[in-house]
Amino acid sequence: MEKKSKLIKKGDLYYPGKVFKKKALVNNKKIYREADKDPVKFWEKLAKKLYWRKKWKKTFLHKPPYFQWFINGKLNITENIFEKNYEGWNKIKNKTALIWEPEPIEEESRKLTYGELFFAVCKFANALKKLGVKKGDRVGIYLPMVPEVIISVLACARIGAVHTVVFSAFSSHALQIRLQDTEAKILITVDGYYRRGNVINLKQAADEAIKETSIEKIIVVKRSHNEISWNENQNLWFEEIIKDESDECEAEIMDSEDPLFVLYTSGSTGKPKGVLHTCGGYMIQAYWTGKWIFDLKDDDVLWCTADAGWITGHSYTIYSPLLNAVPTLLFEGAPDWPTPGRWAEIIEKYRVTTFYTAPTAIRMFEKYGLEFIQRYKFKSLQLLGSVGEPIDESAWLWYFRNVGKEKCPIVDTWWQTESGGILITSLPGIGPFKPSFTGLPFPGTRFDIFDDKKKSLPVGERGNLVMLPPFSPGMMRGVYKNSEKYLETYWKEYGKKIYFTSDAAYKDENDLIRIVGRVDDAIKVAGHRMTTGELESVVALHSDITECAVIGIVDEIKGEAPVVFAVSKNEKSSEQLKNEIISQIRKEIGPIASPKEVYIVNDLPKTRSGKIMRRILRKLFSNEDLGDLSTLANPESVEEIRKIIKS
């Protein structure tokens, strides 16, 4: 690949190779100076590059804690994906838009061009309109990673309906709560789908979920052709209702501040929050963050492994790659099924250039060993990304050396459901990249590290990560139907002009930001505050540890004490490994951080998106009800850990 050259190492920093830097879309630090001089003007300049039905009257309006972007601007995001795409419709209509890889190896993959995807979106949009769906109506989408999830999302956006995608691994109760809150009238689901060789009957969960909701019709996609219950008055086949529809559907003209989607946080603490995103600002942020952070060009293929039910899937599996006219890859199954190297095989098969995944997945790949990926050369890869949680140095280096072959920049990214898009990372054509450090704020955004008294902290001091105005265009506009929650969660800590991220972080001497965990994951040991993320980073430095989680439990003397759960890749005795981990923590942080206990376990409880469920580990010590475990990829791990704790 002409674009590839080894990264340049200077001390503990890495910079893009000369060939990559030369060809990168953004390769000069002056972009930061220009953006910081006038962020509003900067975003306005970027917004002008996309298609608007009508230009805005005012770029930014701030009435703390509320704000708006591109006021009275008119648009439809799907026009920018399809007929008004910046690349030109005639150029892209025959280009691949979507690559779908099913889990069963024997089953054929599917590819849709931009033209084919557009026709499918229009057909389904017309079908929804015939069912009475209008601008502003909410539509529930409960689909796995199949092409219809993208078709459904874009069909809603085409006609101005507000889509609410619910992760297909969520339980029927979790779905019900979201349907009740949004008062959705239509639910789109599937008969079944494949996961680790098994067929998951999603229709059954959907039927249970719609009880006591406003759902009038369930539209069902045929996927696995498993036996399902059927209500003739309420159920409709997706394939049947689009069959005779026109493949032309005029785009609904939307105001910049009209709702585009509501996406719910996981709800691990109380009722889930419906995060509201709007049309104009989200489109601009999704387009430009994807373009610059992933250096997206005409011949790129992006594989973001996030499910469409998460914000990462919304922004970097669906909207950003399609706005940028590059193919997006969807994989139905688990990246290590049926063999640990399935993910590598997919990268090779489709010549993926940009691979964006979570540290949990990277550590899982590492745990399996190099023998599963040695046959793959990864020659197509040009850029790697990390998302979802802070990546530890060990996983970063493994990813860099064994997947990127020391030639691919790694963009470690920080953002939230609330932010709509990536807001902190080093741009790949500029750098620098530093293992375990996320990087710099995206041009046009301003962040700082505050103490509890609103004082900006110096280099190396840990504090609260905050965002300063003007807030990025793609930021949330509120919590759906709950303005009190919006104020209390994000604007109470530092007043209505400063957004509190609830993450702890610090800067190094190069202004690179390192996220050390959630503030609400903090542990106070004898009055000293430390975060679980900080402790986990130290445990992960041990060469035998592939994955770990740290929680705080009540301690009679210290108030709280850390407890470590670690997964080892070697057969070293548990006692020896425990002592080594304790010594390492004492060495890296100090005796105050010594864990009360270290448990060596075979696996950690995770959701299917790879998030480690620390709250379940905490509940094992407090004798609380563990709650719904149906969203876990490995519920059996909970009982195993319970036995280890008891013994």
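Trainee: Where is the place of Arg351?
Mentor: Arg351 lies in the loop between α13 and β20. Helices (H or I, at least four residues) and strands (E, at least two) are DSSP runs, numbered from the N terminus. Please note that this is a predicted model, in which local features need pLDDT of at least 70 and side-chain atom pairs count only at pLDDT 80 or more, while totals for chains, interfaces and linings use all residues. Residues are numbered from 1 along each chain as its sequence is written, and side-chain values use heavy atoms, with hydrogens and water left out.

Trainee: What is the phi of Arg351?
Mentor: Arg351 has a positive phi of about 50°, although Arg351 is not a glycine. Ser502 is another residue other than glycine with a positive phi, near 70°. Ser502 is in strand β26 (residues 499-507).

Trainee: Is Ser502 buried or exposed?
Mentor: Ser502 counts as buried, at 13% relative accessibility. Buried means under 20% relative accessible area, exposed over 50%, and partly exposed in between (1.4 Å probe, protein chains only).

Trainee: Which sheet has β26 in its order?
Mentor: An open sheet of 4 strands, in the order β23-β24-β26-β27 with antiparallel pairing. Two strands pair if DSSP finds at least two bridges between them. β23 (446-450) and β27 are at the edges with a single partner strand each, so one side of each has no neighbour in the sheet. On average, neighbouring strands of this sheet are turned by 45° against each other, direction ignored. Here axes are lines fitted to C-alpha atoms, for helices over the stretch in contact, and angles run from 0 to 180 degrees between N-to-C directions.

Trainee: How many bridges join β23 to β24?
Mentor: There are 5 bridges between β23 and β24 (residues 463-468), and the two strands run antiparallel. Phe447 has Met467 in β24 as its bridge partner.

Trainee: Changing topic, which way do the residues of β21 point?
Mentor: In β21 (residues 383-386), Leu383 and Gly385 point one way, Leu384 and Ser386 point the other way, and all are buried. β21 pairs with β20 (residues 354-357) in the parallel sense over 4 bridges. Gly385 in β21 stands opposite Tyr356.

Trainee: And why is α12 largely enclosed?
Mentor: Helix α12 (residues 311-323) has 13 of its 13 residues buried, so the rest of the structure largely encloses this helix. Ala325, with a positive phi near 60°, follows α12.

Trainee: Which peptide bonds are cis?
Mentor: One of them runs from Trp337 to Pro338, with omega near 0°. Pro338 is in the loop between β19 (328-331) and α13 (342-350). A cis peptide bond also joins Pro469 and Pro470, with omega about 0°. Pro470 is in the loop between β24 and β25 (478-479).

Trainee: What does the side chain of Thr182 reach?
Mentor: The side chain of Thr182 reaches the backbone oxygen of Leu179 at 3.4 Å. Thr182 is in helix α8 (residues 172-182), and Thr182 is buried, with a relative accessible area of 0%.

Note on methods
Polar contact = N/O pair within 3.5 Å; in protein donor to acceptor, adjacent residues only side chain to side chain.
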